[in-house]
Amino acid sequence: MILSIIAYLSIVLFVGISVYKAYQFANMPFHGRMDLYPVPKEKGYEHGGSYYEEIAWWSKPHEVSHVREIIEMLKEIIFIKKLFENQRPFWWISYALHLGIYLLMAWTILLVIGAMFELNGIIVAANSSSIWGLLLFYVSLVTGYLGLAFGALGSGLLFLRRLFDNTLKKYTTPQEYFNLLLIFAALMTGILTWSRDLSFGFAREVTGNLVTFTPFAADGLLTLHVILVGIMLIYIPISKMSHYVGKYFTFHKVLWDNNPNLKGSDIEQQVIKASSFRPTTSWSAPHIKPPAAPEK
Amino acid sequence: MINQRDLRPKDMGRSDDQLIKLDNLMPLLAPFDKPGMEPPLTDPKPAWKEKYCTSLDGYVGIDTLTRPKSKEDEDEFVRKFLSGLEKIFSDANNGVLQPLLLSFEYCAKCNTCSDACHIYTATGDNELYRPIYRSEVLRKILKKYFTTSGKLLGGFVGADIDVNWETIARLGELAYRCNLCRRCAQTCPLGLDNAILTKEIRKIFSQEMGIAPTPLHTKGTMLQIKTGSSTGLSKPAFLDTLEFLEEDTEEKFGIKLKFPVDKKGADILVLHNAGEFMAWPENPVAFAILFDAAGLNWTLSSEIMGYDSVNYGLWYDDTQAKKIAMMQMKVAKDFGVNRVVVAECGHAHKASMISSDRMASDRIPVESCFPLLWDMVKSKRLILDPSKNNFPVTLHDPCNVVRQMGIVEPQRSILKAIAPQFREMTPHGVDNYCCGGGSGFAIMNSANFPEFRTQVASRMKFNQILGAFKGTMENTSLPKYICAPCSNCKGAMRGILEHYDATEKFNLQYGGIVELMVNALVSMKKPFLEFLE
Ligand code: SF4
Ligand code: SF4
């Protein structure tokens with residue numbers, strides 16, 4: 001029961017806090033432009049161009065390709081393209097961790113589906129007569145093995161690299177080591193737990209019990225694993241590991257946001273709204289008059 | 001002094017006389033790779049050490065940052081900084097809050113951005129100039145004073161820095177060791193921008209503590225707000241200058257030039273960096289010749305704020321930037337032109353089209369001169385003979401125009417059409433390196449700062465130039481032209497060429513793009529470029 005509650009709670013909090021963070025960023029005050037080229041949605045993306053390359057740009061339609069923007073975004077999400085291009089050695093281990101996490105997310109979903117199957121009498125095993133049961137069995141195996149291996153390897157190597165690289169060491173705070181260790185510990189307990197269960201049959205059973213609030217006998221290792229994963233899920237969104245939220249905003253709302261303030265545009269409305277705002281704080285340097293004071 | 005290899009962000013508070021000393025600069029390319037081709041770096045004068053903050057790397061960027069007389073002064077200085085630091089996260093800073101918080105919170109310290117920085121690379125990967133070094137110092141201070149985690153957990157979350165006068169003063173200086181070129185931001189996998197944090201430090205110093213380099217503030221934005229131009233050029237002096245240039249152009253080239261001033265019913269208001277009229281008057285002259293030849297209906301303004309496009313506020317003070325941008329926009333509006341065209345000044349491009357874009361509604365459209373100039377070439381409204389420009393030409397991409405605005409192709413299309421020996425630098429376009437003059441460096445000339453600019457900040461650019469002209473350098477009868485279509489970039493080029501005596505020794509020349517265009521005009525009886533005579 002307790003483990004079920006931890007499982008549900010941690011997932012709810014993970015999603016909830018992440019969404020709340022996104023909500024907070026989304027509701028931050030309208031900011032000035034900080035576009036940085038190349039901007040994928042622009043027609044001149046290949047050479048890093050923008051609509052400013054046109055004469056009388058304001059009188060022409062702003063041609064944008066949201067498809068290209070989404071493709072570039074996916075390249076970042078799926079492959080961490082910028083790291084790949086700019087720091088290959090680091091990419092290998094960072095990507096192992098990220099790929100591991102993606103695979104484990106998929107694995108978790110597959111376990112839940114598998115547990116549902118089993119509860120409904122469809123066997124998920126190598127000898128299953130159901131094609132879906134078979135498929136689920138093998139895909140779960142692959143995602144689970146690789147996910148755990150990549151995730152643990154990635155987090156472990158990132159930790160070691162930070163520890164032994166003279167430069168990174170100077171910038172890494174104890175908390176940042178802790179972040180990596182937490183992930184590593186959560187994954188290692190997973191590896192230890194499931195190494196006794198190479199077909200993931202038990203994992204599906206446990207998942208079924210967790211999902212349905214059915215009490216079951218969990219040994220110390222499994223209990224520790226569930227608790228660590230729970231803590232990790234809650235901790236990630238409150239720590240700066242929530243960069244999956246931040247990254248959306250840095251690209252879409254800062255670097256790639258180049259919509260001009262044209263008459264009749266949404267931007268214009270936001271500008272009008274923002275310019276009526278009177279800050280409650282003001283700067284103190286002598287050359288700055290309080291915002292409300294009239295110009296002499 | 002610390003060996004830079006051991007330098008950590010928390011060392012900023014140490015009592016050393018000088019934190020590091022630059023010694024291992026990136027080698028220059030041939031022909032400047034031989035010993036003796038480069039003057040050695042110098043030590044700060046003892047008098048500067050007493051007066052300013054030379055305790056970072058020995059250079060003085062902020063000539064108004066002077067050492068305190070008493071312990072009270074010291075404490076007050078720190079207190080003011082901290083109060084400013086708190087304010088950058090308040091509603092007084094709404095216009096950058098979201099980007100700032102993102103860059104502040106999310107750095108993964110993956111170090112991908114370091115190699116993108118020309119200053120870091122030029123210093124032989126000196127720790128002090130690593131893009132995240134400065135950011136990390138700022139984070140540590142904020143954590144120490146303003147976060148619960150920092151107060152409770154201290155060093156565990158990185159709040160392990162001593163904060164005293166030296167720490168803050170060094171951080172202020174360090175904010176002027178970054179060109180705000182944002183090349184590092186292009187490489188960050190998380191989309192973070194260390195230049196934002198640099199600028200916030202500059203803002204705290206200016207907006208809260210009233211401390212900013214004199215050339216940017218007192219003789220920059222303040223002078224501009226007072227007289228209309230950061231050059232101090234008054235309206236009558238401006239009109240006199242134009243008259244002189246008209247006479248001079250007629251005398252030299254036999255062209256009867258008349259600058260249209262305050263012309264009613266003009267379509268275009270052209271905004272120059274007023275520094276051009278003093279330092280490179282051939283540039284506005286060339287613009288006038290081309291615009292007339294292409295038959296544009298244009299004018300200059302003699303209104304206060306109407307004849308200087310600069311806005312130094314961009315580099316250190318949002319409130320000054322806004323004042324100037326609003327005053328400039330008002331001139332254009334009162335005038336009733338259809339559009340404003342910004343001439344060859346990179347930061348003025350960005351100021352008038354990007355930074356001020358969301359400051360107010362109902363703006364007069366502003367456009368860059370480059371598409372317009374390219375259009376004149378493309379449409380054959382100018383009759384040009386490229387063979388007149390038959391010497392090696394390379395193009396410097398001003399960061400503000402290219403990386404930060406996406407204006408990349410028009411200027412190269414022009415050069416490809418009018419300069420048969422045009423060659424690109426490596427890298428170029430949006431991946432270019434800053435000229436080293438960015439964010440005010442080009443005009444900051446106090447104490448030993450020019451040495452830092454020319455030998456460190458501009459070092460990568462100088463190598464790019466030498467690379468582009470490889471194989472032609474030794475031929476001194478052959479001029480080699482660095483096309484730097486931006487006033488500040490030209491300032492930086494002038495600095496480099498003078499410092500290395502490169503014009504004298506190797507016939508390395510520099511200038512804008514319109515000068516080359518005019519030089520190629522079939523109608524020109526003699527070369528417009530002086531060095532061709
Ligand atoms: S903005 Fe430019 S100068 Fe500043 S740290 Fe980044 S790359 Fe270096
Ligand atoms: S690349 Fe981005 S995340 Fe990595 S160290 Fe630089 S600023 Fe931080």
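In chain B, four strands form an open sheet in the order S6-S5-S7-S8, with parallel pairing. The edge positions are taken by strand S6 (422-423) and strand S8 (508-511) of chain B, each of which pairs on one side only. Strands here are DSSP runs of E with at least two residues, helices are runs of H or I with at least four residues, and both are numbered from the N terminus. Two strands count as paired if DSSP finds at least two bridges between them. The structure is a predicted model, in which local features need pLDDT of at least 70 and side-chain atom pairs count only at pLDDT 80 or more, while totals for chains, interfaces and linings use all residues. Residues are numbered from 1 along each chain as its sequence is written, chains are lettered from A and ligands numbered from 1 in the order in which they are written, and side-chain values use heavy atoms, with hydrogens and water left out.

Within this sheet, strand S5 (residues 393-395) and strand S7 (residues 480-483) of chain B run parallel and are joined by three bridges. As a general point, strands of a sheet pair through backbone hydrogen bonds, either parallel or antiparallel.

Chain B also holds an open sheet of four strands in the order S2-S1-S3-S4, again with parallel pairing. Strand S2 (298-299) and strand S4 (366-368) of chain B stand at its edges with a single partner strand each, so one side of each has no neighbour in the sheet. Strand S1 (residues 268-271) and strand S3 (residues 339-342) of chain B pair in the parallel sense through four bridges. Here B:Leu269 has B:Val340 as its bridge partner in S3(B).

Charged side chains come next. Over all chains, a search of the whole structure finds 50 salt bridges, a salt bridge being a side-chain nitrogen of Lys or Arg within 4 Å of a carboxyl oxygen of Asp or Glu. In chain A, A:Glu54 is bridged to A:Lys60, with the closest N and O atoms 3.3 Å apart. Relative accessible area tells how such residues are placed: buried means under 20%, exposed over 50%, and partly exposed in between (1.4 Å probe, protein chains only). A:Glu54 is partly exposed at 29%, and A:Lys60 is partly exposed at 35%. A salt bridge also links A:Lys81 with A:Glu72, at 2.7 Å from N to O, and A:Glu72 is buried, with a relative accessible area of 7%.

In chain B, B:Arg14 and B:Asp16 form a salt bridge whose closest N and O atoms are 3.0 Å apart. B:Arg14 is partly exposed at 34%, whereas B:Asp16 is buried at 14%. Elsewhere, salt bridges that share partners join A:Glu176, A:Lys240, B:Lys109, B:Glu136 and B:Arg139 into one network.

The surface carries a nonpolar patch of about 610 Å², made by A:Ile70, A:Leu74, A:Ile77, A:Ile78, A:Phe79, A:Tyr102 and A:Met105. Patches are made of residues with over 30% relative accessible area and no salt bridge, with like charges joined within 9 Å and nonpolar side chains (Val, Leu, Ile, Met, Phe, Trp, Tyr) within 5 Å. The accessible areas come from the Shrake-Rupley method with a 1.4 Å probe, and for residues only the protein chains shown count as cover. H2 and helix H4 (88-119) of chain A each supply at least two residues of the nonpolar patch, and H2(A) gives the most, with five residues. A:Leu74, found in helix H2 of chain A, is partly exposed at 39%.

Some backbone details complete the picture. The peptide bond from A:Tyr37 to A:Pro38 is cis, with omega near 5°, and A:Pro38 lies in the loop between helix H1 (2-26) and helix H2 (66-79) of chain A. That loop between H1 and H2 of chain A also contains A:Ala56, whose phi is near 45°, a positive value in a residue other than glycine. In chain B, the peptide bond from B:Ala30 to B:Pro31 is cis, with omega near 0°, and B:Pro31 is found in the segment before helix H1 (46-51).
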